[in-house]
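Hi,

Here is the structure I promised to pass on.

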Amino acid sequence: MDNQQERSLFKIGYLLGIIDGEGHLGLRHQWQKGGTVQISPVLQIVNCSEELINLVGGYMKDLGLPVYMIRRKSYRPNQRDTYSILLKGMKRLSRVLDVILKYPFIKSKRAELMKEYINYRLGSP
């Protein structure tokens with residue numbers, strides 16, 4: 001690929017494939033003081049391959065998307081460490097959804113519902 005646009009489309013396609021296969025798009029709730037609940041949209045990609053998570057994280061950075069990578073060490077002898085990309089928050093996820101919703105993928109209906117929820121909460125049209 002010698003064209004920048006082709007490289008960007010490849011990276012977006014790769015990201016969409018990983019989200020479909022290894023990713024989770026959903027809402028996370030957290031209890032606050034006073035008994036209220038805070039609901040946050042979440043995109044999480046988890047895998048045992050550090051190389052894969054670093055590759056996807058690098059692609060996201062190249063596309064100008066926010067990235068937060070985590071290594072969860074396993075203390076059990078028969079389990080491997082896990083690596084993940086975790087994005088929480090309305091504005092962060094809105095930026096990611098603006099990019100990925102331009103293209104078809106399996107979890108697009110869930111992503112559209114999440115984008116509607118974010119727009120409703122942020123007061124955007």
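Let me start with lysine 11, which is buried at a relative accessible area of 16% (buried means under 20%, exposed over 50% and partly exposed in between, with a 1.4 Å probe and protein chains only). Before you read on, note that this is a predicted model, in which local features need pLDDT of at least 70 and side-chain atom pairs count only at pLDDT 80 or more, while totals for chains, interfaces and linings use all residues. Residues are numbered from 1 along each chain as its sequence is written, and side-chain values use heavy atoms, with hydrogens and water left out.

What does lysine 11 pair with? Its side chain meets that of aspartate 62 in a salt bridge, 2.7 Å from N to O (for a salt bridge, a side-chain nitrogen of Lys or Arg has to be within 4 Å of a carboxyl oxygen of Asp or Glu). Lysine 11 sits in helix H1 (residues 4–22) and aspartate 62 in helix H2, so the bridge ties together parts that are 51 residues apart in sequence (helices, H or I with at least four residues, and strands, E with at least two, are DSSP runs numbered from the N terminus).

Leucine 63 comes in the loop between helix H2 (50–62) and S3. Neighbours within four places in sequence aside, leucine 63 is in contact with Ser8, Lys11 and Ile12 (contact means heavy atoms within 4.5 Å). Leucine 63 and arginine 7 are 56 residues apart in sequence, yet 10.0 Å apart in space, C-alpha to C-alpha.

The structure has 3 salt bridges. Another one joins aspartate 81 to arginine 71, with the closest N and O atoms 2.5 Å apart. Aspartate 81 is in the loop between S3 and strand S4 (82–88), and arginine 71 is in strand S3, 10 residues apart. Aspartate 81 is buried, at 15% relative accessibility.

Then there is lysine 115 with aspartate 98, at 2.8 Å between the closest N and O atoms. This pair links helix H4 (residues 108–122), where lysine 115 lies, with helix H3 (residues 90–100), where aspartate 98 lies, 17 residues apart. Lysine 115 is buried at 14% relative accessibility, and aspartate 98 is partly exposed at 41%.

Cheers
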